[in-house]
Amino acid sequence: MSFIGKWFGKEAPVTRQLTQPMELRVGDMVTLDDSFALPPQLRGQQFRVEAVNTYEYEHSQEPEFVLKGNSGDAIYMGLEQDDETWLAFSIKLPRSQVEALFDLDAFAEIFEEPGKATLHALPLTETTEQYAQWLADEYHQVAFAQFGYFHRQDYRHGKPSQFMENNPGDAFEAYELLDGDESRAIDIEVYQDGDTDVLLTLYRPLSDIREYWPGE
C-alpha cells in the first residue's frame with residue numbers, strides 16, 4: 001500500500017489471478033495453444049467467457065463455459081474428471097451436418113435399448129472437412145438416457161434443484177459415445193419438448209489453455 005493509500009485508509013485494488021479453468025467467470029478471456037493437434041476452430045484462438053451454465057445430474061453437477069471468439073461461433077467447454085482433469089471442448093452440429101457425417105439409420109440405434117450402439121463416421125466431403133479433427137472413425141456407446149437438468153445459471157457455489165419454483169431447469173436425457181482411446185465423443189441431449197442437441201467433443205489437457213485474462 002502506498003503512503004497516500006495509508007493516509008486516506010484506502011487499499012490498492014487487488015487483481016484477480018486466474019490459474020485454472022474452474023476459476024473462470026463471465027467476461028474473462030483465455031488464449032489456447034497454437035498446436036496443430038487442435039482443430040482450426042480452437043488453434044491459437046482467444047475466447048471470451050460469455051456464460052457459465054450448469055448440468056445437474058442425480059449425483060453431480062458440472063459447469064459449462066460458453067466461449068466466443070472472433071468467428072462469433074459458440075464453443076462449449078466443460079471439465080472431465082478422471083484420474084486427472086481434462087478440458088472438454090464441444091461444438092453443436094446442425095441437423096444437416098449430422099446427416100452428412102453419420103448414417104441416420106445407424107444413428108437411430110443410439111436411442112434404442114440396451115444402449116450399446118456402434119457408430120462409424122461417413123467419409124468427409126468438402127462441406128464436412130471442417131470437422132476432420134473433431135471426428136473419430138468409430139464410436140461405441142457408453143451412456144443411455146441419463147436423466148439430468150440444464151440450468152442457465154452458474155451454480156459452482158451453490159446447489160441447483162429441479163424443484164426450484166422460479167428456475168427448475170430444462171429436463172433432458174443424455175446419450176454419449178466415445179472413440180477407442182476416449183479422446184473424442186459424441187454427446188446428445190434430448191429435451192422434453194423434443195429439441196435435440198448433438199455435439200462433437202474433443203478432450204484435451206489443461207495445458208492447452210496458454211493464458212488467462214481476468215475480466216472487469
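**View 1. Pairing of strand β1 with its neighbours.** Two strands are taken to pair if DSSP finds at least two bridges between them. In this predicted model, strand β1 (residues 29-32) meets that condition with strand β2 (residues 46-56), to which it runs antiparallel and is joined by three bridges. Met 29 has Arg 48 as its bridge partner in β2. Strand β1 also pairs in the antiparallel sense with strand β11 (residues 209-213), here over four bridges, and the partner of Val 30 in β11 is Tyr 212.

**View 2. The protein chain as a whole.** The secondary structure of the chain comes to three helices and eleven strands, which follow one another along the sequence in the pattern α-β-β-β-β-β-α-α-β-β-β-β-β-β. Along the principal axes, the C-alpha atoms fill a box of roughly 75 × 45 × 35 Å, and of the 216 residues in the chain 41% are buried. The accessible surface comes to about 12800 Å², with 47% of it belonging to carbon and sulfur atoms, while the mean positions of the 16 positive and 41 negative charges lie 12 Å apart.

**View 3. The largest nonpolar core and the surroundings of Leu 42.** This core has 39 residues, and those with the most contacts inside it are Leu 42, Phe 89, Phe 102, Ile 186 and Leu 200. Strand β5 (residues 85-93) gives the most to the core, contributing four residues. When residues up to four places away in sequence are not counted, Leu 42 touches Leu 32, Asp 33, Phe 47, Ile 75, Phe 89, Trp 134 and Leu 202. Another core, of six residues, lies apart from the largest one and includes Tyr 55, Tyr 57, Phe 150 and Tyr 191.

View 4. Most residues other than glycine have a negative phi, and most peptide bonds are trans. Ala 145, which lies in strand β7 (residues 138-151), has a positive phi of about 50 degrees although it is not a glycine; Ala 145 is partly exposed, with a relative accessible area of 24%. Glu 182, whose place is in the loop between β8 (170-178) and β9 (184-191), likewise is not a glycine and has a positive phi, of about 60 degrees. The relative accessible area of Glu 182 is 48%, so this residue counts as partly exposed.

Notes:
Residues numbered from 1 in each chain as written. Predicted model: local features only at pLDDT ≥ 70, side-chain atom pairs only at ≥ 80, totals over all residues. Heavy atoms only, no water. Helix = DSSP H or I, 4+ residues; strand = E, 2+ residues; numbered from the N terminus. Buried < 20%, exposed > 50% of the residue type's maximum accessible area, 1.4 Å probe, protein only. Areas by Shrake-Rupley, 256 points an atom, 1.4 Å probe, with all protein chains shown as cover. Lys, Arg positive; Asp, Glu negative; His and termini not counted. Charge placed at Lys NZ, Arg CZ, Asp CG, Glu CD. Core = buried A, V, L, I, M, F, W, Y, C linked by side-chain atoms within 4.5 Å. Contact = heavy atoms within 4.5 Å.
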